[in-house]
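Q: I'm new to this one and would like to learn how to read it. Could you walk me through it, feature by feature?

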Amino acid sequence: MTILVTGAAGFIGSNFVLNWFDKEKEDVISFDNLTYAGNLDNLSSLLKNNRHYFVKGDIGNSELISSTLQKYQPTAIINFAAESHVDKSISAPDTFIKTNILGTYKLLKSTLSYWGTLKEKQKKDFRFIHISTDEVYGDLDKNNSPFTEENRYIPNSPYSASKAASDHLVRAWHQTYNLPVITTNCSNNYGSFQFPEKLIPLCIINAINEKPLPLYGDGKQIRDWLYVDDHCEAIRLILKKGAIGETYNIGGNTEKTNIQVALLICKVLDNLQPRSDKISYDQQISFVKDRQGHDRRYAIDSSKIQKELGWHPKETFESGMVKTIEWYLDHEEWVKNIISGDYKKWIDNHYL
Ligand code: NAD
Ligand code: TYD
């Protein structure tokens, strides 16, 4: 048995593959075209693992996807591959349309052809799990209830609009062609291996490098933070027990303003690695120009996955943040390589 994981060299994909090898027996094909956000260094602990295969490629490359599916005969596809950074989608939306919409469409087409070749039992057991975001539901007011699976799709950024489009395609491939799909919509993840374009790793790395922690606008925007390992556990559970054609919201039940996030990072760092002058890192927090069309609040109601599948997040925001910051402090080389772009050289030496 084998699963195919797209976007496996990115933040959540790599955590998922590592988590999988800790807990499961099936082989994994990691499929990733190694954009600036894909880093094979994240999977370096699997270099000698003969149950792990890496294929460098684009989910939009139908020929390569089809030959990979034929060769490895996976029993499931977990689709993490995407352009994922909202700020980048505002300044350069083209790749978001190409990967998140066209790429997902091509991947669905190739998957459907492959699925059609399977025997009845394999067909029945096959799953296409599509990883999406809570951002498709739009922006919440302070008094609105958290997003349930019944909320309307009202995406506001090029990123969330492209993810919403991909979710609709996935749904259509189930409704029209019976492809056994499940979609997950999760809140903001944090943890090890996150590329420092996102708020939490950016603040951690800037803090220790004596740079400003830049908060957009008034810093009072709210996100519902989910520790990445809790997310990976939820996806494994959905793969085993989730109902075909359903969607599941996954959140950490941890709504925090960006100021609260930055202050917690400073507090944990003050404790783990105080500044040499003993002044708190919170002196480095600075307010900068707001993001265009910045959504004020996201919050997830996870009661469906909790009730139906028995999933609960294990980490609190404080415990998850301590683990995350300890990981960044212990992985100076990873951080240095990410910042300098040296990990691209590492890929050349190891794989290509
Ligand atoms: P990421 O940007 O860290 O990683 C994305 C990975 O996909 C990279 O390894 C990249 O090389 C790969 N990729 C991009 N385009 C590709 C293509 N055309 N073909 C093959 N591979 C390609 O993203 P992430 O934070 O790990 O997010 C993973 C998924 O989870 C995405 O679909 C994202 O929309 C979703 N998501 C993320 C968050 C979050 O907080 N990070 C929250 C909700 C949903
Ligand atoms: P981000 O990590 O980019 O995730 P998303 O936009 O998908 O929620 O941003 C999280 C929040 O932090 C969001 O409200 C934007 C804000 N933010 C800052 O205030 N400063 C920054 O430098 C970044 C990257 C984000």
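Predicted model: local features only at pLDDT ≥ 70, side-chain atom pairs only at ≥ 80, totals over all residues.

Q: Which side chains have a polar atom by ligand 1, and at what distance?
A: A polar contact here is a pair of N or O atoms within 3.5 Å. Asp32 has a polar side-chain atom 2.6 Å from an oxygen atom of ligand 1. For Thr99, an N or O atom of the side chain is 3.1 Å from a nitrogen atom of the ligand.

Q: How much of the accessible area of ligand 1 does the protein cover?
A: On its own, ligand 1 has 830 Å² of accessible area, and the protein covers 97% of that.

Q: Which elements give two or more residues to the shell around the ligand?
A: Those are helix H1 (11-23), strand E5 (127-133) and helix H6 (158-177). E5 gives the most, with 3 residues.

Q: And which residues come nearest to ligand 1?
A: There are 28 residues around the ligand, and the nearest are Ile12, Asp32, Ser84, Tyr159 and Lys163. By type, the shell has 12 nonpolar, 13 polar and 3 charged residues.

Q: You mentioned a strand. How do I read a sheet?
A: The general idea: strands of a sheet pair through backbone hydrogen bonds, either parallel or antiparallel. In this structure, 7 strands form an open sheet with parallel pairing, in the order E3-E2-E1-E4-E5-E6-E11. Strand E3 (52-56) and strand E11 (247-250) are the edge strands, each pairing on one side only. From one strand to the next, the twist averages 20°.

Q: Can we zoom in on one pair in that sheet?
A: Take strand E4 (residues 76-79) and E5: they run parallel and are joined by 4 bridges. Look for Ile77, which stands opposite Phe128 in E5.

Q: What about the faces of a strand?
A: In a regular strand the side chains alternate between the two faces of the sheet. Strand E8 (residues 213-216) is a handy case: Leu213 and Leu215 make up its covered face, while Pro214 and Tyr216 lie on the uncovered one.

Q: Which strand does E8 pair with, and in which sense?
A: E8 pairs with strand E13 (residues 285-288), in the parallel sense, over 4 bridges.

Technical notes
Residues numbered from 1 in each chain as written. Chains lettered and ligands numbered in written order. Heavy atoms only, no water. Buried < 20%, exposed > 50% of the residue type's maximum accessible area, 1.4 Å probe, protein only. Pairing = 2+ DSSP bridges. Near = heavy atom within 4 Å. Polar contact = N/O pair within 3.5 Å; in protein donor to acceptor, adjacent residues only side chain to side chain. Areas by Shrake-Rupley, 256 points an atom, 1.4 Å probe, with all protein chains shown as cover. Nonpolar A, V, L, I, M, F, W, Y, C, P; charged D, E, K, R; others polar. Axes fitted to C-alpha atoms, helices over the stretch in contact; angles between N-to-C directions.
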